[in-house]
Amino acid sequence: MASYPKITALFLLAIAMMLGASNAQLSATFYSKTCPNVSNIITSVLQTAQGNDIWIFPKLIRLHFHDCFVNGCDASLLLNGTNSEKTETPNLSTDGYGVIDDIKTALEKACPRVVSCADILALAAQLSVSLSGGPKWTVPLGRRDSRAPHKEKIGNIPSGHESLATIKSLFKSFGFDSTDLVALSGVHTFGRAQCAAFTDRLYNFNNTGKPDPILNATYLTSLKSQCPQGGSPTSLIDLDEQTALSFDNKYFLNLQQRRGLLQTDQELFSTAGADTIALVNKFASSQSQFFSSFSKAMIKMGNLNPLTGTNGEIRLDCKKIN
């Protein structure tokens with residue numbers, strides 16, 4: 001009889017360990033023993049990729065955003081198949097999947113069955129920013145990959161046409177405050193957008209038959225020449241006219257000059273009485289404050305509903321479940 005309490009205690013300890021494994025926290029040192037060179041390996045692949053495609057860095061961070069906003073950072077975006085998230089409207093213009101596959105191949109050679117595709121997206125996003133002149137931050141790791149896509153939640157991805165009230169409500173639902181919203185929006189300091197994402201602002205804003213009155217007149221003329229009526233909706237336009245390949249704070253200076261390309265961008269500065277105006281001004285005057293806030297917000301975004309411990313899996317091929 002005396003042994004029963006001891007057995008019970010051991011049983012409860014085992015259960016606690018199992019629960020702990022399935023609810024493990026992300027950690028910056030997660031791969032320190034199992035794949036210590038993970039960042040160096042990814043950096044090497046990214047540098048090669050950048051030699052083939054100068055726009056690859058903004059493309060890759062966009063994949064991380066679009067993955068995390070749909071049911072959390074679980075690499076569900078990368079899955080192919082009939083229910084793939086890739087085929088939904090917000091993701092039709094995404095790119096860079098081949099580079100993610102190249103990273104996975106390199107990591108499988110060095111550290112087989114260790115590094116998840118979700119962590120690859122998070123690390124590739126951070127390295128893409130820092131390699132473009134932006135901030136470095138320590139990425140918490142240990143995410144695992146989902147076993148299914150989540151196309152039913154694809155509506156969580158902003159379209160670029162929302163009002164500030166709508167976009168603030170969406171971000172708040174994820175636990176982001178106004179500082180996070182403005183900082184994360186600053187990712188549009190590099191990269192490009194298709195004409196289809198903003199042509200309504202040029203010709204028929206809010207069904208008025210007229211351009212968005214907020215748009216800088218000179219900028220409007222320039223955009224109309226690049227995206228004429230009846231032109232290709234998939235033509236790509238730099239998000240920042242001057243430094244579209246560099247991660248800097250020029251995005252916020254553009255907003256002050258009414259040269260924000262997407263509606264959701266410009267409304268951060270042009271919505272009367274909004275608390276985001278002061279934040280745009282702060283980041284426009286201090287790149288270091290922008291970098292600091294962006295890093296914190298990226299860590300917060302990377303922590304959205306990750307699969308950890310024994311949940312999900314470590315995909316051997318990011319395009320399909322094991």
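Predicted model: local features only at pLDDT ≥ 70, side-chain atom pairs only at ≥ 80, totals over all residues.
**Domains**

The domain assignment divides the protein chain into domain 1 (37-156) and domain 2 (164-301). Taken over C-alpha atoms, the centres of domain 1 and domain 2 are 23 Å apart. The two domains touch: 23 residues of domain 1 are in contact with 21 residues of domain 2.

**The largest nonpolar core**

The largest nonpolar core holds 73 residues. Those with the most contacts inside this core are I61, I100, I103, L107, F252, F294 and M298. Helix α5 (residues 117-130) gives the most to the core, with 10 residues. The core draws at least three residues from each of domain 1 (37-156) and domain 2 (164-301).

Leaving aside its neighbours within four places in sequence, L107 is in contact with C35, V38, I41, I42, P112, V115 and I120.

C195 is found in the loop between β1 (192-194) and α8 (199-203). C195 counts as buried because its relative accessibility is 2%, and buried means under 20%. With neighbours within four places in sequence left aside, the contacts of C195 are Q226, C227, S232, P233, S235 and I237. C195 and L223 are 28 residues apart along the chain, and their C-alpha atoms are separated by 8.9 Å.

The separations given so far are listed here.

| Pair | Points used | Separation |
|---|---|---|
| Domain 1 and domain 2 | centres, over C-alpha atoms | 23 Å |
| C195 and L223 | C-alpha atoms | 8.9 Å |

**Helices α7 and α13**

Two packed helices are described by the angle between their axes and the distance between the axes. Helix α7 (residues 178-185) packs with helix α13 (residues 287-302) at an angle of about 105°, and their axes are 8 Å apart. This angle makes α7 roughly perpendicular to α13, because angles of 65 to 115 degrees count as roughly perpendicular.

Which residues meet in this contact between α7 and α13? From α7 come T179, D180, A183 and L184. From α13 come F290, S293, F294, A297, M298 and K300. The residues of the contact divide into 6 nonpolar, 2 polar and 2 charged.

Definitions and conventions:
Residues numbered from 1 in each chain as written. Heavy atoms only, no water. Axes fitted to C-alpha atoms, helices over the stretch in contact; angles between N-to-C directions. Helix = DSSP H or I, 4+ residues; strand = E, 2+ residues; numbered from the N terminus. Parallel < 35°, antiparallel > 145°, perpendicular 65-115°, else oblique. Contact = heavy atoms within 4.5 Å. Nonpolar A, V, L, I, M, F, W, Y, C, P; charged D, E, K, R; others polar. Core = buried A, V, L, I, M, F, W, Y, C linked by side-chain atoms within 4.5 Å. Buried < 20%, exposed > 50% of the residue type's maximum accessible area, 1.4 Å probe, protein only. Domains from an automatic or database assignment.
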